[in-house]
Amino acid sequence: MAAPDLQNPPNCTAVLSLSGDHDHESQDSQLPDSGGWITFPFIAGALTGLTLAAGGWGANLIVYLIEEFNVKRIDAAQISNVVSGSSSLFPIVGAIAADCFFGSFSVIALSSCVSLLGVVLLALTTLDFLRPEECGPASTLCKNPSKLQYAVLYSGIALAVIGQGGTRFTLATMGADQFHKPSHQAVFFDWYFFSFYVSAIISNTVIVYVEDNVIIFLLGSRFYRRVKPQGSPFVDLARVFVAALRKRKVLISLDSEDYCCNNQHQGSVKTVTSTTPTKSFRFLNRAALKTEGDTRFDGLIAKPWRLCTVQQVEDFKTLIRIFPLWSSSIFLATPIGIQVSLTVLQALIMDRHLGPHFKIPAGSFLVISFISTAIAIPLIDRILFPSWKKLTRHSPTPIQRIGIGHILNALSMAVSAVVESRRRHVAHTRHLPPGSVTPMLGLWLFPQLVLVGVGEAFHFPGQVSLYYQEFPTSLRSTSTAMISLLIAIAFYLSTALIDLIRRTTTWLPEDLNDGRVDNVYWLMTGIGLINFFGFLVCAKMYKYKNSNEGGTNNGSDE
């Protein structure tokens, strides 16, 4: 695809593969036996191994740093926060690398090896010479780790996080690439998230280090349908904006012949899905409007920063249209982040006994959310959605799934507020001393966790399915990783909100019995409802691009 002309640089962004269906058809002709459900066991197995390994070290990082590396508690918590945020940001880097340069298969294989190396380094820190001596009876006798010990520890964490970031959502993209029909892709996303949550349950309840995901993934290499990277799509997006800006004084034409609808390059023609620009965001249509000097005598684009194809313009418009829907999900995930931290604090001052001999660890309460999601996903896919289709003759759209998630999430916050109000009332009527355990079963925290877990079963697969269907074909890996970026932003935003509440109110003191955690939950409920109405406005205005009304025939198509 290289071109000797300096005005058309050797970048496949100058020639878009503008029809996803066309690409899949051409690949099918080359690899007729590739793709399909035969690849799912390998992808699910790789995901399971990765999640078990990441959960095994990630869930106990704070305790490990404090007890084995003599790190101060606050410092250990800060390190854990940085690791958690980075774990949600690195998938974006992996997705861009897969879309622009190397392809999903190469990124996943390389990242799995990097993750393996990271876990090996973390395992080596258990050796006596790679960790400091234990603290003596007095805390002043603690010996700090050496530079070598710190280097091995942080190198292991960094490599494990990078490897995890390059695989989790890129695996989702590669898995969806194995199917043509949006209905099959939607079912794949459901079972992908089911595998993820089941693995998360195991990794958070049983300490397991499993890193055989590299072998499992590579075993299925001969069955995968591989979509080649098309160069940097972000350059195309920049070209659209620059070209439209440079032609801002040019009158918009109504004649489709005046627009660049395809791009001939080295004798090959790539077909396009759009021949006439849509009326929305008409300012951008100027980028595809042909003017004197934009094309050469042979039809090639002479000035790629002045003339773009109609499809490039429509791809840019799609991202603009979907951005409000994506941004509304930030405030869908932010209350969940706050609920996670506050639930653990509530559990610490509630009766966590199950019988006379067993006491539930405070951190294990969150597993209820994972269990709820893992149970809800197959029930939604095999029972609820087929019933929905029989009643309405239409399958629920991804946006409808996200909307249901919004409602359940707000309801979960309201239930959290009611439970906390009751717990606080019990604590005050008993006149408990500071820090005392409230004589109220911790099982009362389960309903709110079940609701948020079921909500995730709706909105997380719905979001991934929506972004995968609607994003430009050249941004498929980036599309599935957008939910990871969303979680990262929500994680940091929830931390900032808690800090703001502590600075401006007395709702979150050291002793929660003297605070008003219920007010925090009511605030989150209000934010969730306002955000839901904003989401409804965005959903009403949004028009699907790549699927028929956005519907998917979950569970019924063969």
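Which residues do ring pairs link into a cluster? In this predicted model, the cluster consists of W37, F40, F179, F188, F189, Y192 and Y468.

**Aromatic pairs**

The structure holds 14 aromatic pairs. Two of them are set out below.

| Pair | Centre-to-centre distance | Angle between planes | Geometry |
|---|---|---|---|
| F40 and F188 | 6.0 Å | 90 degrees | edge-to-face |
| F385 and W388 | 6.4 Å | 85 degrees | edge-to-face |

F40 belongs to helix α2 (residues 40-58) and F188 to helix α8 (residues 182-205), so their pairing ties together parts that are 148 residues apart in sequence. Both F40 and F188 are buried. F385 and W388, by contrast, sit three residues apart in helix α13 (residues 367-392), a separation of about one helical turn. F385 has a relative accessible area of 1% and is buried, whereas W388, at 25% relative accessibility, counts as partly exposed.

Q149 is located in helix α6 (residues 147-165). Its relative accessibility is 8%; because buried means under 20%, Q149 counts as buried. The side chain of Q149 reaches the backbone nitrogen of S146 at 2.8 Å. Apart from neighbours within four places in sequence, Q149 contacts F69, F129, L130, R131 and P132.

**Confidence**

The protein chain has an average pLDDT of 77, and 78% of the residues score at least 70. Confidence is highest in helix α14 (residues 398-429), with a mean of 94, and lowest in strand β2 (residues 268-270), with a mean of 38. Across residues 1-32 the pLDDT is below 50, and this stretch has 69 contacts in the model beyond near neighbours in sequence. Residues 552-558 also stay under 50, with 26 contacts beyond four places in sequence.

Conventions:
Residues are numbered from 1 along each chain as its sequence is written. This is a predicted model: local features need pLDDT of at least 70, side-chain atom pairs count only at pLDDT 80 or more; totals for chains, interfaces and linings use all residues. Side-chain values use heavy atoms; hydrogens and water are left out. pLDDT is the predictor's confidence in each residue, from 0 to 100. Helices (H or I, at least four residues) and strands (E, at least two) are DSSP runs, numbered from the N terminus. Contact means heavy atoms within 4.5 Å. Buried means under 20% relative accessible area, exposed over 50%, partly exposed in between (1.4 Å probe, protein chains only). A polar contact is a pair of N or O atoms within 3.5 Å; within protein, one must be able to donate a hydrogen and the other to accept it, and residues adjacent in sequence count only if both atoms are side-chain atoms. Rings of Phe, Tyr and Trp (its six-membered ring) pair if their centres lie within 6.5 Å; planes under 30 degrees apart count as stacked, over 60 as edge-to-face and the rest as tilted.
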